[in-house]
Amino acid sequence: MNKNIRLGALLLTSLTALTSCGGGGDQSNNDVPGGTVIVEVWVHKNQQEPEGRVYNSLMESFNNSGFTTASGANIRMSMVFCGSTIATRIASAQLTGGLPDVLAVDCTDITSYVDAGLLVSIDDTVTTEDSYVDSVIDECTIDGSLYALSGMEAPGGLYMNTGLLAQVGYTEEDYAEPWSWKDVKEAMEKLYAADLPYQIQLNQNFGTDGAMYFHSNLVYSAGGDFGTDGAVEAALTTPEALAGIEQLEMFYTDDGLDNPRTEAWAYTGSNASAFEQGEVAFEIYGPWDATTIEKNKYTSAQYEHAAYNNYQILPYPVYEDASGNKSTLVANPCGSYCFGVTKDTENKEAATVALEYLTGRDATEAMFSEIGTFPTNKDSLAEMEQLQTGAFKQLADNLSNNEFTRPKMVKYPQMKDAYTRVLDYIKNSCNDASYDLEAYIRDQMGTVDSAR
Amino acid sequence: MDNTADVTREGEGERLTRYGEFLKRAKSKLPRMHLSLKGDGGKHRQPYFKIIRTEYSREETLWGWIFVLPCVILGAIFVLGPIVISLYYAFTDANLLRLDEAQWVGFENFKRVFEDSTVGLALTNTLTFVVEVVPLQLFTALGLALLVNKITHGNTFLRWAFFVPVMLSLAITSMLWMNLLNDSDGLINALILACGGIPVNWMTDEVITLQAIIFISAWQGAGYQMMIFISALKNVDHSLYEASEIDGAGSWNRFVHVTLPAIRPTFSFVLITMLISAFRIVTQPMIMTQGGPNNHTMTMSYYIYLQGTQYRDIGYSSAIALIFTFVMAAVSLTLRRLFEGKKD
């Protein structure tokens with residue numbers, strides 16, 4: 001019987017251990033002079049990842065910096081590295097009431113989180129709002145209230161291999177102003193005629209949001225927009241938006257190619273370093289290639305048309321109408337992960353202090369050094385030595401001058417998938433007889449509007 | 001030699017004696033137990049309870065439950081609970097970020113399922129996938145198993161080679177095939193070009209892309225079923241082959257009249273499990289095409305995942321999942337009944 005009792009006890013212990021996994025730890029919130037307030041932060045990375053390591057060191061430096069609340073309590077930061085499970089954890093915690101004080105949120109999710117009452121406005125507690133670039137403030141502001149801040153940005157642009165372009169007559173003066181999509185195509189045709197690498201890498205299927213990240217500017221630059229929740233179809237079928245999206249067709253049409261079976265204006269190969277190695281002449285991309293190019297420094301001995309020392313980054317191309325009038329709307333919608341204060345925080349003041357530290361000048365410069373994202377602090381952009389010349393300065397200028405964000409709507413996930421399908425439709429079908437872009441946009445965006 | 005034989009016999013004798021004593025003890029207990037149940041009106045019986053005229057020993061039931069309990073609890077938490085919750089959500093407007101505010105909407109989600117053209121396309125794609133991949137993979141696996149079973153030299157290497165794709169993660173093989181099938185610089189198109197052919201849009205053509213995914217899935221999965229078939233083939237009674245050979249049966253007749261009937265239970269098991277996993281196809285389209293081009297590789301499981309996780313529409317996602325479960329169950333049960341019917 002003793003054996004039976006022991007066996008029973010073992011089973012009970014195993015079950016207890018199993019069911020107690022994932023329980024939350026103790027949290028102190030002793031906001032009195034000499035007391036300690038612990039701010040729990042959930043981040044979207046694992047501790048082993050480069051970005052996770054930066055967060056870990058930021059937490060350590062925060063805890064050694066002696067931050068206090070107005071009443072004199074010490075603020076300490078405790079960090080949970082959620083990795084890719086952060087969205088599920090947030091959803092569970094929203095239901096059970098175990099949200100942290102501060103959490104990482106992709107800027108395109110802020111609207112949904114605010115709509116679900118998960119984030120609270122930090123208007124009344126934030127003190128360093130003016131030090132952030134406008135695009136961060138724009139993407140974190142919903143209905144006039146600020147809900148989050150970010151220490152990372154990823155400005156993109158049009159990468160151009162000036163070494164190749166010089167061979168068909170382009171000079172430094174040609175890069176003084178933003179190019180239009182038509183300018184790009186014209187240059188590609190010249191390169192094609194000269195039997196030089198001529199293609200453009202559009203990266204419209206990059207990651208899970210490449211279409212919106214790199215190509216929402218098609219719509220913005222033409223004077224259109226993506227509308228609001230429930231009114232997307234109407235917004236994207238305006239003459240402006242349609243004309244803007246149609247510009248992509250010129251890169252997927254067969255026109256002007258000697259052998260459309262084996263040639264294409266847009267690069268569809270698998271070489272992620274195609275621009276860097278001079279395999280293509282143009283690329284639409286974020287800041288990451290600039291970092292890679294400067295790091296690898298490929299020479300012409302390695303790759304005949306290598307981009308190192310031979311490239312420029314201009315803002316994303318602008319819209320040009322049939323009469324040759326170029327738009328003055330230069331859009332560089334970017335945005336990255338932000339930090340927001342949740343409804344479950346017991347000390348919003350302390351939570352905001354931690355949030356501002358995680359996205360402040362030291363943090364944003366550490367991120368730039370370690371993972372290559374761009375600083376969101378205006379002083380950093382103006383003073384960091386690396387950002388004062390060459391490609392990095394061009395990207396910093398693109399970021400500073402940007403006035404556009406990716407669409408802010410609850411149904412953003414549906415919206416970006418539908419927009420991706422629209423761009424894919426152009427890519428796969430624009431040479432077909434049955435091609436009807438407006439009908440396709442209506443169908444796709446109608447689905448977004450009717451979704452709950 | 002003789003001594004050893006004597007020792008063995010002695011040992012056997014001892015064992016037989018011990019076994020005899022054990023039987024005696026067991027027999028002596030049996031009548032007592034019988035008597036105590038019938039003869040004394042239950043006075044000395046262990047505590048028991050009755051459910052619908054059947055008596056159960058309390059102690060045995062208690063211990064039975066203790067052993068079954070972990071399984072029941074885990075099953076309730078991870079299987080039964082989610083099914084019941086999902087069933088409930090299917091009739092609500094539940095949103096992943098506002099589950100506590102879910103409102104009852106009746107059959108609205110189900111109505112939406114039948115109006116959603118993407119569901120129709122996803123179901124067509126899934127059924128196409130199932131109808132094509134199951135026979136392809138099943139007969140590839142059977143063919144490989146017969147081959148490996150027949151070949152004596154290099155058998156181990158072949159078995160290992162055919163099984164390797166199973167050991168690789170689906171994500172890795174998907175990435176690998178994406179590179180091989182790249183429209184402009186993939187190896188397959190390079191070979192086609194080198195042979196003077198016309199490159200194929202493997203990843204962008206609305207018809208071909210699904211076919212490519214079907215082929216890749218069959219290639220990846222066949223090795224696993226091959227192993228199951230090999231073990232079934234090893235268990236076929238060889239005397240049947242010998243008898244059929246004597247009767248003059250050729251190799252095809254032996255396969256049809258001996259091998260196939262002998263492995264029918266395995267065949268049925270492999271078919272049903274393959275069918276269910278084929279219905280759940282999600283990784284390859286998610287990684288290779290994200291459901292494209294133009295939703296032509298969108299599958300039901302992927303769409304359920306998108307609606308629930310990405311779009312946070314748990315109510316709608318649950319409704320699609322519920323309907324899809326009925327479709328899967330209907331197909332699986334019909335096939336199972338077909339096979340059982342044949343067996344009878």
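**Entry 1: terms and basis.** I take a cavity to be a set of points, on a 1 Å grid over the protein atoms alone, where a 1.4 Å probe fits but cannot get out; lining residues have an atom within 4 Å of a point. Grid points are joined across faces, edges and corners, and a volume is the space filled by probe spheres set on the points. I note that the model is predicted: local features need pLDDT of at least 70 and side-chain atom pairs pLDDT 80 or more, while totals for chains, interfaces and linings use all residues. Residues are numbered from 1 along each chain as its sequence is written, chains are lettered from A in the order in which they are written, and side-chain values use heavy atoms, without hydrogens and water.

**Entry 2: cavities.** I looked up the cavities of 30 Å³ or more and found two. The second largest cavity has a volume of about 30 Å³. Its lining includes Tyr55(A), Tyr337(A), Phe339(A) and Met367(A). By class I recorded six nonpolar, one polar and no charged residues there; Ala, Val, Leu, Ile, Met, Phe, Trp, Tyr, Cys and Pro count as nonpolar, Asp, Glu, Lys and Arg as charged, and the others, Gly among them, as polar. The largest cavity holds about 40 Å³ of space. Among the residues that line the largest cavity are Cys107(A), Glu139(A), Arg406(A) and Lys408(A). The lining of the largest cavity divides into three nonpolar, two polar and three charged residues.

**Entry 3: the interface.** I then turned to chain A and chain B. The contact (heavy atoms within 4.5 Å) takes 35 residues from chain A and 34 from chain B. The two chains bury about 2900 Å² between them, 55% of it on carbon and sulfur atoms; buried area is the accessible area (1.4 Å probe) that two parts lose on being put together, summed over both.

**Entry 4: salt bridges.** I counted as a salt bridge a side-chain nitrogen of Lys or Arg within 4 Å of a carboxyl oxygen of Asp or Glu. Glu108(B) and Arg452(A) form a salt bridge at 3.4 Å, N to O. Asp109(A) and Arg312(B) also pair, at 2.8 Å, N to O. Asp109(A) lies in the loop between β3 (102–106) and α4 of chain A, and Arg312(B) in the loop between α13 (300–310) and α14 (314–343) of chain B, so this pair joins two chains. Helices (H or I, at least four residues) and strands (E, at least two) are DSSP runs, numbered from the N terminus.

Definitions and conventions: 1 Å grid on protein atoms, 1.4 Å probe; cavity = no way out; pocket = protein on both sides within 12 Å on 5 of 7 lines; lining within 4 Å.
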